[in-house]
Amino acid sequence: MTITTAGTSHEGRTVYTASGEYTGKTSVKSRRRSILPVRFHRLRDRLIAYGLMLPATSVFVMFFYVPAAYMLYISFFHWGVLSSATNFVGLANFRTLLNQPLFLHSLLTSLYYTLVMIPATVLLSLGIALLLKEAITRRKRGAGIWRGAVFLPHVTPVLATSIIWVWIFNPQFGLANFVLTHLGLPALGWLESVHWALPAVIIDSLWHSLGLYVIIFLAGLSTVPRDLLEVARLDGAKKYYTFRRIIWPLISPTTFFVTLLATINSWQAFSQIYAMTGGPHGGAGGPAYATTTDALLVYQTAFVYEHFSLAAAMSVVLFGIIMTLTLIQKWISDRIVFYR
Amino acid sequence: MAKIVLKNVKKQYGKKDAAAMEDVSLVVGEGEFLVLLGPSGCGKTTLLRILAGLEDPTAGEIWFDDRLVNEEPPDLRSVGMVFQNYALYPHMTVFENMAFGLRARGVPKQVIKQTVHDMVALLGLEGVTDHRPKQLSGGQRQRVALGRALVRDPELFLMDEPLSNLDANLREQMRMELARIHGQLKVTTVYVTHDQSEALTLADRIVVMNGGHVKQVGTPGEIYTSPADTFVAGFVGSPGMNLWKLEWEETEDGISLGDGALLLPRSFLPVLATLPRTVIVGIRPEHLELSFGKTDVKVVCRAEFFENLGSHTQLHAGLVTSGADYVNTDSPRLVARLDSDAFIDAGERVTLTAPASAINLFDAETGIRVQTDGASYFDQTDRWALT
């Protein structure tokens, strides 16, 4: 027996099972389900699930896992674009790397870049996020516009922003030196100086990437319950004390995520360096290899000097470094990050 | 312990918004337990937040003893507050939660340790001081929130529906606990709730609020027995007071209301004579009874359904107002709380009785209570005056 819902004329559109129990499902579905074996339904559900995952997974496998595996493979061979990888050389490529001062130099450059980028990213993006959050909470006019303005550089192509920064850092006519000299400070060589080229690239990278991290921190800050901040105010905690004892621990998962992302992005920094230090300033990575990070060196080794297997070995080392750093960060985070 | 005085306090969030709270004047005596009672959105939490300093009043004055605190930030007001969801710091232990306020104020470590230890003992939280809130039961979290607010020895203690997240048994237990703690510490307390049983059992005085206005201030007894208007009469009590809008006329048997649905003794004539033909009559459900003897007040109704609630039974009926022998959906509703052994069939015609003293009269237009001498409740009472 099925009981048709009052006022519904559809055939079989019911909300009761044969025993009269309320299910909330249509009986058409339940009747069909009862005919087919349960195993069939499980199989069908799985197939649907895998089917839905297939497009994204295949793209990921095709453009990430396969090239990564192939890169590992060719790092043990002597490999050229037009020849097949038959000349097995074992760890020779890695031994060559260890004897290459430029590779070690690029690792140190990347380390310098990363060590400056991470704290600068966290401090600046968190600072801006806190200011924006305050403006949003107090419903200050223009808070939304500021949020958009901070995010805008991130959605602008890195090549475009880098060209702007090349102009800003022009030693003769650039805005940077104009400001410095007006402040009574000496003008700098910026991209033409061995000492200042990398800081100039770092400034561009920070400017370009901050928007993303600010948005992530804003999301993190919005998870701190307002009640807790109000209790802290009642408890007599001043702003800095509240930040240190309440906000900072509660957003530690966000901070960890930002640190992780900034680390990975720093070790992989390429486009901005290529754009800022190439062209009229000579080969990318200059002057005198001052901005040659390992990602840039991988590119140059592969596509300029056409030592693909050596570049593959460099990539493997780079992968190992990023993986190790990530695991270390994870280990640290398990001890200090507070997950609610 | 402070005496709190509010003078014509108003809160309006946006210029175009309606006032969340208006013209609130109150005195909270030193050591008093004052309960703000009202439905959701009546402005009680806004009032509490204004007292805490978390919101600024749009107009009016707030005095803590002889200090005007309108401009004082929350941390200078010496206020402890318990939030509805406890708002415990999730990354801190019970001890750290309780010690937070003291540490923020730079109290010496040894003093913090001793003070928190004493509070832990008072609240029976020994053994869980190194637990985080996640590891605690609802009741324990509630106690920690209380302890954190009280450990600083505040002048004013505020609670915003602190028991609403607890199950019924625990709520009752915590209610007793709160009464005990208040009895021991005697902190001036303002407690917000929409649960009238909490209000009636805990309060020294109750402030009933609705639509941003104070409707009545009084002891639980006064609020219950002499509601200032039909809102208070209907809101306080479970179920609320029966309120019937009826026309009255003098008959041979007495005063008949609603064409004989309700019969009042002649002693009400002087009062009713001062009022229009239509009045609102209120009787509490527990004052109605099945009785066949000679009584003052008679109510004729037809039973609709009957509930047995163990300790008592509850009759839901429609008043037979038209003089005819039927009720319909427009008939005034009636709820009567009867003895546990009573039983009435649905559809049965029933005559209920009540003592004359149980009758409450309200002005049909304003809803304001009319005293038995005919004066408006607001004309003759001065109990809200600032003292």
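Two strands count as paired if DSSP finds at least two bridges between them. Strands themselves, like helices, are DSSP runs numbered from the N terminus, with at least two residues (E) for a strand and at least four (H or I) for a helix.

Good morning. The model before you is predicted: local features need pLDDT of at least 70, side-chain atom pairs count only at pLDDT 80 or more, and totals for chains, interfaces and linings use all residues. Residues are numbered from 1 along each chain as its sequence is written, chains are lettered from A and ligands numbered from 1 in the order in which they are written, and side-chain values use heavy atoms, with hydrogens and water left out.

I begin with the sheets of chain B. In general, strands of a sheet pair through backbone hydrogen bonds, either parallel or antiparallel. Strand E3 (residues 33–37) of chain B runs parallel to strand E9 (residues 205–210) of chain B, and four bridges join them. Within E9(B), B:Val207 is the bridge partner of B:Leu36.

Six strands of chain B make up an open sheet with mixed pairing, in the order E6-E7-E8-E3-E9-E10. Its edge strands, each pairing on one side only, are E6 (79–82) and E10 (213–218) of chain B. From one strand to the next, the twist averages 20 degrees. Helix H1 (residues 44–52) of chain B lies across E3, E6, E7, E8 and E9 of chain B, at about 150 degrees to E7(B); such angles run from 0 to 180 degrees between N-to-C directions, with axes fitted to C-alpha atoms, for helices over the stretch in contact (heavy atoms within 4.5 Å).

Elsewhere in chain B, strand E1 (residues 4–11) is antiparallel to strand E2 (residues 21–28), with five bridges. B:Ile4 has B:Val28 as its bridge partner in E2(B). E1(B) is also joined by five bridges to strand E4 (residues 59–64) of chain B, again antiparallel, and there B:Leu6 is partnered by B:Ile62.

I turn now to chain A, which has 14 helices and two strands. Of its 340 residues, 40% count as buried, meaning under 20% relative accessible area, with exposed over 50% and partly exposed in between (1.4 Å probe, protein chains only).

What do the buried residues of H10(A) pack against? They meet helices H4 (101–137), H8 (197–221), H9 (226–234) and H11 (252–267) of chain A, together with helix H2 (94–104) of chain B. Among these buried residues of H10(A) are A:Phe243 and A:Arg245.

Finally, A:Tyr65 is placed in helix H2 (residues 38–74) of chain A. A:Tyr65 counts as partly exposed because its relative accessibility is 47%.
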